Amino acid sequence: MQELHDAPLAPLTTFRLGGPADRLVTATSDDEVIAAVREADDSGTPLLLIGGGSNLVVGDKGFAGTALVVATRGFTLDGTLLELAAGEVWSDAVARTVEAGLAGVECLAGIPGSAGATPIQNVGAYGQEVSSTITEVVAYDRTTRERVTLTNEQCAFSYRHSRFKADPERYVVLRVRYRLEDAGGLSAPLKYAETARALGVEPGDRVPLDAARDTVLKLRAGKGMVLDPEDHDTWSAGSFFTNPILTDTAFAAFHARVRERLGDGVLPPAYPAGEGHTKTSAAWLIDKAGFAKGYGTGPARISTKHTLALTNRGAATTEDLLALAREVVAGVHEAFGVTLVNEPVTVGVSL
Ligand code: EPU
């Protein structure tokens, strides 16, 4: 197990932001992960788990405790069953499933971060969510101090949420198992209209797996959502806010605000989100509240390609980023009465 002291955390995050950790430990096996977690828990030391660092906002003061980098590796295919170690790079694993001719995660190509993070926020994009393919999650339970295997149902998945996110101090994900589909080299039926359109097919159609993956990668890149170390426009955590899910009553009030502000002809995006609920678009709200793509003059700005990605133009501090995020939340609230909630995890700071 590698151990460093007073180690900078910024290089471990896609934002490239945040101060140092008192102690930084890198674990390369499940047993090492468990040993490091137990040691921290036994001594009452705060613990910060780091995977790909793509959904993490670390405060400028850093982290007073042990930061544990989960760097385990393991990609095992048994028929259509895939098991990934938590530390596997997610987008590489997706590429390998496509190469193996298996469907189910091809639209999740290009998402930064590690496999172990996918169940935590039920990673989703372009019509696929890992909750549809995950069968089991093997985790270390810090309460019972045992290794546990949780079924899909026990993970309590919903939009960008799970049991792991609801109880963030309890589980450390070690392995994730997915059931893929052998559709003879074809993708799963395409659910996202934008993807189907880009491929010239109808939603519900299947296309060759690599065509699905390539199209998603192109769409993501067009929105600044594929990480490029050379391009500050991608130094982000992907979507900074989740898409708000409103009760039908709250949606009606929101729609009234939209009419008042933007005129009768403007319809806010609305997607069904379960009985009595409607999901709207955070990117749209931000745009219409007056924060256009590229908004900002400081070192933290809105991406020039998508209003939902806040970016570090290279010289930002976490406080710069948070000031921008707070400005956006306040502006959207004032314009439409809707409160945006951040998607990335914040460490030592809050919005
Ligand atoms: N829009 C704007 N301005 C923009 C961009 C988008 O007004 O600058 C509006 C448009 O009306 C557009 C709508 O927002 O139709 C939705 O945009 P998009 O299709 O890009 O999807 P999104 O809801 O903004 C979500 C996920 C992304 C995922 C895409 C594609 C969340 C929080 N975000 O974005 O996930 O890649 O759908 O499925 O659910 C992430 O979570 O980090 C992430 C990148």
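Predicted model: local features only at pLDDT ≥ 70, side-chain atom pairs only at ≥ 80, totals over all residues.

Q: Which residues of helix 2 are buried?

A: The helix spans residues 90–99, and its buried residues are Trp90, Ser91, Ala93, Val94, Thr97 and Val98.

Q: Why do the buried residues of helix 2 line one face?

A: An α-helix has 3.6 residues a turn, so residues three or four places apart point the same way. In helix 2, the buried residues fall within an arc of 155° when viewed down the axis, and therefore they line one face of the helix. Asp92 and Glu99, on the other side of helix 2, are exposed.

Q: What covers the buried residues of helix 2?

A: The cover includes helix 5 (209–222), together with strand 6 (75–78) and strand 7 (81–85).

Q: In which sense do strand 6 and strand 7 pair, parallel or antiparallel?

A: Their pairing is antiparallel, over four bridges, and Leu77 stands opposite Leu82 in strand 7. Two residues lie between the strands of this hairpin, where Gly79 takes a positive phi near 65°.

Q: How many bridges join strand 7 to strand 12?

A: Five bridges join strand 7 to strand 12 (residues 171–179), and the two run antiparallel. Here Leu82 stands opposite Tyr178 in strand 12.

Q: Which residue just after helix 2 takes a positive phi?

A: That residue is Gly101, with a phi of about 80°.

Conventions:
Residues numbered from 1 in each chain as written. Buried ≥ 20, exposed ≤ 12 C-beta atoms within 10 Å, placed from the backbone. Arc of directions from axis to C-beta. Contact = placed C-beta atoms within 7 Å. Pairing = 2+ DSSP bridges.
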